[in-house]
Amino acid sequence: MSVVANIGRAAAEFPGIFRGWTEYVGETAAVALSVAFRPWRFRFRDAALAFQRAACEGLAIASGIGFLLGVILAFQCAAALQMFGVEVYVSDMLVIALFRELGPVVTAIVLAGRSGSAFAAEIGTMKVNEELDALRTMGLNPIRFLVLPRVAAVTAAMPVLTIFSELAGLLGGQIVLQAMNVPSAIFWQHAVSSGTVFMIVFGLVKSAFFGMLVGLIGCGAGLRTRSTADGVGRSATSAVVGGMVAIALADGIAAAICHVWGV
Amino acid sequence: MEKDAVVELERVDAGYPGSLVLSDISFSVAGGEIFVLLGTSGCGKSTVMKHMIGLNPVLRGTLRVAGLEWSAATRAELCRKIGVMYQSGALFGSMTCLENILLPLEEFSPLKKKERTERAMELLRDVELAEAADRMPGEISGGMRKRVAIARAMALDPEVVFLDEPSAGLDPITSSALDDLILSLRESKRMTFVVVTHELASIFKIADRCAMFDKARRTMIAIGEPERLRDGSNDDFVRKFFNRG
């Protein structure tokens, strides 16, 4: 019964939540446009700080996970390809899998866990402490002051993290293949020949878009924090879950578009 | 309405859409006055203040601050005519005390960088906290945070400063010192203060006039000088409040 009640409650609340998020995204876009015409109103220092936290401090974990992903993929594929004596093609597969799909997606999930939740907790705590009200009564728009610098920072940080994660993945794969007696020169030769500029650029553009989604959802969850004991915790959780769902959806749409365009 | 009124409420219904908290409230606050909103916890005094500082629109009636009604068109102008100190201080935790005061100056003041810093330091000296300029809000006491918040509220020389529960969470000595600060700022800057509190000691020390709200009757039940309300009111609730039951 409670499951049915919960579904009913969620269905009843959905239009309001959808309207709220649509208004938030619209307002953010409007503020971003206005700041684009008056760039001196952009909070560069806040954006630089958020970039440092997302990119510099997240580099080790993103690269580490990319490396392990490369190792695991190489092991799994090499086991199958070895039966046909073509394990050298593992590097081709790694390049396509990492640069096109897994690199951007896995890095975005890491970013959602680190930065998305951090944004939600920071802004949520500010809301509980009346700091957002203080901004409004000073005539300052919280979207320009808090959201825009963070979203810009993670949008810029994601391609940087993704490149490092992908290169670390290739390195992981190369170590595995070297252990299987595939010379590293052959590995890198195959890797370079199987990658295309379009594939790399498409992956990076996609990763920047994922970064923007993570930033928007993290900050939006923070702005919607309720002043209850578990309000900030709930916001952080919804930022991570919402971020991951949005990344999966966006990646699915990107894959469908690529399929339709034949690229 | 009074000619020199800085804040005017005319038949205002206070609350949130679908939830009326107080109805039919009318009063005005004159320039240079310290006006206190008082009542028991949950009676709606902070709700009335949220209307006055433009966070929530009034449900009905007219509310003017510095001669202008709150609306989307007047919001930016009105925000520069008011200063607000929140109950928690609401200082930005990632900025030093000096940076907190500099923020409204950087955004709205025509002053140059050096002049802005001098102005912010002057405000910190006014609240006797010049030594805390480079400290973070998390490193100073609750009373000091409230003083910095008052300095920030006064940064743009507002016509009226709103203080939400300035004594809340403070010991009697710190609370009394904060009352002295409010009185001295009123004298030196000729500023108008609207204060939300239910601390009787503060009310008798700083208030020129006060308005009392009652949760049960959902309206304003008394207005006037605190001593006159205490000694001359015919209302049982008002007498009970001032004589602590």
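In chain B, where is confidence lowest, and where is it highest? Confidence is lowest in helix α2 (residues 75-79) of chain B, with a mean of 85, and highest in strand β8 (residues 192-196) of chain B, at 96. The scale here is pLDDT, the predictor's confidence in each residue, from 0 to 100. Chain B has a mean pLDDT of 92, and 98% of its residues reach 70 or more.

Some ground rules before going on. This is a predicted model, in which local features need pLDDT of at least 70 and side-chain atom pairs count only at pLDDT 80 or more, while totals for chains, interfaces and linings use all residues. Residues are numbered from 1 along each chain as its sequence is written, chains are lettered from A and ligands numbered from 1 in the order in which they are written, and side-chain values use heavy atoms, with hydrogens and water left out.

Chain A, briefly. Its secondary structure comes to 9 helices and 0 strands; helices (H or I, at least four residues) and strands (E, at least two) are DSSP runs, numbered from the N terminus. The C-alpha trace of chain A spans about 70 × 55 × 35 Å along its principal axes. Chain A has 263 residues, and 46% of them count as buried. Buried means under 20% relative accessible area, exposed over 50%, and partly exposed in between, with a 1.4 Å probe and protein chains only. Of the contacts in chain A with a separation of 6 or more, 86% are between residues 24 or more positions apart; contact means heavy atoms within 4.5 Å.

Now the strands of chain B. Two strands pair if DSSP finds at least two bridges between them. Strand β1 (residues 5-16) of chain B pairs with strand β4 (residues 60-65) of chain B in the antiparallel sense, over 5 bridges. In that pairing B:Glu10 stands opposite B:Thr62 in β4(B). β1(B) also pairs with β2(B), again antiparallel, over 8 bridges, and B:Ala14 has B:Leu22 in β2(B) as its bridge partner. β1(B) and β2(B) form a hairpin with 2 residues between them, and B:Gly18 in the turn has a positive phi of about 85°.

β4(B) has another partner, strand β5 (residues 68-69) of chain B, joined to it by 2 bridges and running antiparallel. There B:Val65 is bridged to B:Leu68 in β5(B). This hairpin has 2 residues between the strands, and B:Ala66 takes a positive phi near 50°.

Is B:Asp13 buried or exposed? B:Asp13, which is found in strand β1 of chain B, counts as buried because its relative accessibility is 11%.

B:Asp24 itself lies in strand β2 (residues 19-30) of chain B. Its phi is near 55°, a positive value in a residue other than glycine. B:Asp24 has a relative accessible area of 35%, so it is partly exposed.

B:Glu128 is not a glycine, yet its phi is positive, about 60°. B:Glu128 sits in the loop between α4 (113-126) and α5 (142-153) of chain B. Its relative accessibility is 57%, so B:Glu128 counts as exposed.
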